[in-house]
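Colleague: I'm new to this one. Could you walk me through it?

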Amino acid sequence: MSITASLALTLPELILSIGAMVLLMVAAFGGDSLTRAISWGAVALFAAAGLSLFGPAGNGGPGFDGLYIADSFAAFAKALIYIAAAVSVIIAPGFFARQGQLRAEYPILILLSATGMGMMVSAGDMLTLYVGLELQSLAAYVLASFMRRDSRSAEAGLKYFVLGALASGILLYGISLLYGFTGTTLFSGIAKALETKASIGQMFGIVFVLAGLAFKISAVPFHMWTPDVYEGAPTPVTAFFASAPKVAGMALLIRVAVVAMGGETDAWRQIVVFAALASTVWGGVAAIGQTSIKRLLAYSSINNVGFALFGLAAGTPDGVAATMTYMAVYVAMTLGSFLCVLQMRDAGGEPVETIASLSGLSRTRPALAAALAIFMFSLAGIPPLFGFWPKFLVFDALVAIGLWPLAMIGIATSVIGAFYYLKIVKTMYFDEPAAAYAPAESKIESGLIVLSALFVSPLGYLAIPLLGAASLTAARALF
């Protein structure tokens, strides 16, 4: 394949990276006064990158001698990433303006992070994987500490950086082991080397690579950074961390496991099953005693990653399709929840993050309480809300290959998570009202909450034919 044809496959990344450089120059000369215009420019770039997926970039095959893969699986993941990133950009100016810390760099950092995520999900080689992951991570470290005068934000950035560097080292060590014992960094070459029984060195490489990737999706036992970073980072940044990087990390983990390590499915399945069970249990138990809504949602993300991993544990096209459907619905539920958190402001406009402040919300802000209740019930997987459907799919994929004991354990652990979601609903509807929140200021935020709530409501089932077909097509591209 010629260099021109290969570059055509990377059109989404070219749009985002070149656009980010242009907007960076605009920010340098125009200053923070142009933040809102730059933000809408970033949203336009995400829309353009999404539209480019309908060309060769969406299903053009491998490029750059296999280093980069443009297939329907990557296109599905990128579409979710761009939607989540665009929402994170749209909701930010109002939040930072109220804090007096409006900065033009924010949407540019989101663009660069999304560029790295695009490289991650299209990686066909361990080095492409690493470069994409580091580009995403370096922008994320800055975003976590974006509010420079807030000690919690600075602490979140430092913790994320230190632990991220540790995970990066673990991943790189695993990549070096696989290279040393297989003689290649290409996923296809590693898969060919693993067709025979894996050696001890190759097994260690697999373990270290999966451990490094587990950090990116905050799966137990590599979740330790998540609650502190989610609580300390600005809320729009937390919404971004909980959605787009989760999709990118999960998609990358799936591609590495299915494509590069497909010959050793039984080996990596044990690791994935452990991470799935540990994440669902710990994500449920640890959230019960939380008093901060952002920390609770951090443990919720850990819990949901565990359920998504059950689909990967099946190791089949249906299981991978179930995981990608789960991530699509999870993005809507999570973004909706954090949009509601953005509405939690006291009379002076300062953010309020305690669960106790939600007391009696149904009487002071009934519409906000109803939306948050929909997201909590959906995250718990309670029918008839749409959050039930992806959980059904991942468990069905397990039962289909005979792993019904694992499915039964997963169903049992979902009850733990339901407890703290219902606790929030009980606080809003049955406790005595706390001090009323400030009225909603942004019609855009309110509109996004309504759209998210409608998607995860029973109306979301209307999207099953389209979502199911897209996720299954994406999954089959890997097999």
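This is a predicted model: local features need pLDDT of at least 70, side-chain atom pairs count only at pLDDT 80 or more; totals for chains, interfaces and linings use all residues.

Colleague: Okay, what is F241 in contact with, leaving aside neighbours within four places in sequence?

Modeller: A140, L143, A144, Y160, V229, Y230 and K246. F241 also belongs to a cluster linked by ring pairs, along with Y141, Y160, F161, F215, W225, Y230 and F240. Rings of Phe, Tyr and Trp (its six-membered ring) pair if their centres lie within 6.5 Å; planes under 30 degrees apart count as stacked, over 60 as edge-to-face and the rest as tilted.

Colleague: How many aromatic pairs does that rule give?

Modeller: The count is 22. Take Y106 and F146: the centres are 5.7 Å apart and the planes at 70°, so that pair is edge-to-face.

Colleague: Are those two buried or exposed?

Modeller: Y106 and F146 are both buried, meaning under 20% relative accessible area with a 1.4 Å probe, protein chains only (exposed is over 50%, partly exposed in between).

Colleague: Switching topic, which residues have the most contacts inside the largest nonpolar core?

Modeller: F46, F241, M261 and L309, in a core of 167 residues. Such a core is a set of buried Ala, Val, Leu, Ile, Met, Phe, Trp, Tyr and Cys residues joined through side-chain atoms within 4.5 Å.

Technical notes
Residues are numbered from 1 along each chain as its sequence is written. Side-chain values use heavy atoms; hydrogens and water are left out. Contact means heavy atoms within 4.5 Å.
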